[in-house]
Amino acid sequence: MVSSAYTIYGALGSGSVPVEATLTLLGQPYAVIEAPTWEGESQQAKVAAVNPLRQIPTLVTPAGEVITESAAMLIWLADNHPQAGLSPALDAPERAQFLRWMTFIPASIYALFWVRDEPARLVGDDAAMQARVKAATAERIADCWAMMDSQISPGAYLLGDQMSVLDLYVTVISRWGPRRVRFYEVAPKMAAVVRRVDADPRLTAFWAERFPFFEGWERLGQQAG
Ligand SMILES: N[C@@H](CCC(=O)N[C@@H](CS)C(=O)NCC(=O)O)C(=O)O
């Protein structure tokens, strides 16, 4: 059935949040099917029909097309609404670095949450091994943020003076382990940008609903990562 709205399978504080934020900024109607997949079988089952990997985010377009992979959704939505300026145009000088970092984040950082969220997937029930995996992946994520910070020269936003979906992506994922306080230490240039996006008045109500700034949020998180 063709609907006039997007459907996003997602969860509070999860990788669906930058996609939902993008739809909000674009003024596109969307419905969220809440499916915190890390909570187990029954939540994963909600997503299985649209994504055999049973992961969120999964986006269903108004035309009924399924898109998995958060970066693909973000780039596709931004490119399809060029008037909103949420991605650099194909011939813009910022385009190469936009694609570089939009690819780096899922490949080098987000992918590690498959094991961080459930270390037993790789090391079984051994609690000490699980703690080592958590610690080692936290260090790797911090190193990746530090590397990215060393390679960029932000303006008000990561690619210059125009906010893009890259800013939304980094703003959300930098709230996961090893959490924002560590991110601020290792990525001081990006720290200023994510604070700006946290405070964006167009997103105040959205953040309150989908990734609230509760007491101590910069050290803690709601998402399993
Ligand atoms: N490559 C995917 C990763 C998605 C992902 O790892 N999602 C997590 C939640 S934030 C998930 O559903 N995990 C459950 C699982 O992998 O079993 C993307 O970028 O969208």
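Modeller: What follows goes through the sheet strand by strand, then turns to the helices, the ligand and two further places in the chain.

The model is a predicted one, and every value below is computed from it. The sheet is open and has 4 strands, in the order E2-E1-E3-E4, with mixed pairing. Its edges are strand E2, residues 30-34, and strand E4, residues 66-68, each of which pairs on one side only. On average, neighbouring strands are turned by 20 degrees against each other, if direction is ignored.

E1 pairs with E2 in the parallel sense, over 5 bridges. Helix H3, residues 70-80, lies across E1, E3 and E4 and runs at about 120 degrees to E4. As for burial, E1 is mostly covered, with 4 of its 5 residues buried.

Next comes the ligand. There are 12 residues around the ligand, and those that come nearest are Thr37, Ile56, Glu69, Ser70 and Arg121. Three of these can be described atom by atom. In Ile56 the backbone is involved: one of its N or O atoms lies 2.6 Å from a nitrogen atom of the ligand. In Glu69 a polar side-chain atom lies 2.6 Å from a nitrogen atom of the ligand. In Ser70 a polar side-chain atom lies 2.7 Å from an oxygen atom of the ligand.

Gln44 counts as buried because its relative accessibility is 14%, and the cut-off for buried is under 20%. The side chain of Gln44 reaches the backbone oxygen of Thr37 at 3.2 Å. If residues up to four places away in sequence are not counted, Gln44 touches Thr37 and Arg54.

Pro178 sits in the loop between H8 and H9. Leaving aside neighbours within four places in sequence, Pro178 is in contact with Ala138, Ile141 and Ala142. From C-alpha to C-alpha, Pro178 is 8.2 Å from Arg219 in space, although the two are 41 residues apart in sequence. In H9 itself, residues 179-186, the buried residues are Arg179, Arg180, Phe183 and Tyr184. Seen down the axis of H9, these buried residues fall within an arc of 165 degrees, so they line one face of the helix. Among the elements that cover them are helix H7 (127-151), helix H8 (165-173) and helix H10 (188-198).

Conventions. Residues are numbered from 1 along each chain as its sequence is written. This is a predicted model: local features need pLDDT of at least 70, side-chain atom pairs count only at pLDDT 80 or more; totals for chains, interfaces and linings use all residues. Side-chain values use heavy atoms; hydrogens and water are left out. Buried means under 20% relative accessible area, exposed over 50%, partly exposed in between (1.4 Å probe, protein chains only). Helices (H or I, at least four residues) and strands (E, at least two) are DSSP runs, numbered from the N terminus. The arc is that of the directions from the helix axis to the C-beta atoms. Contact means heavy atoms within 4.5 Å. A polar contact is a pair of N or O atoms within 3.5 Å; within protein, one must be able to donate a hydrogen and the other to accept it, and residues adjacent in sequence count only if both atoms are side-chain atoms. Two strands pair if DSSP finds at least two bridges between them. Axes are lines fitted to C-alpha atoms, for helices over the stretch in contact, and angles run from 0 to 180 degrees between N-to-C directions. A residue is near a molecule or strand if one of its heavy atoms lies within 4 Å of it.
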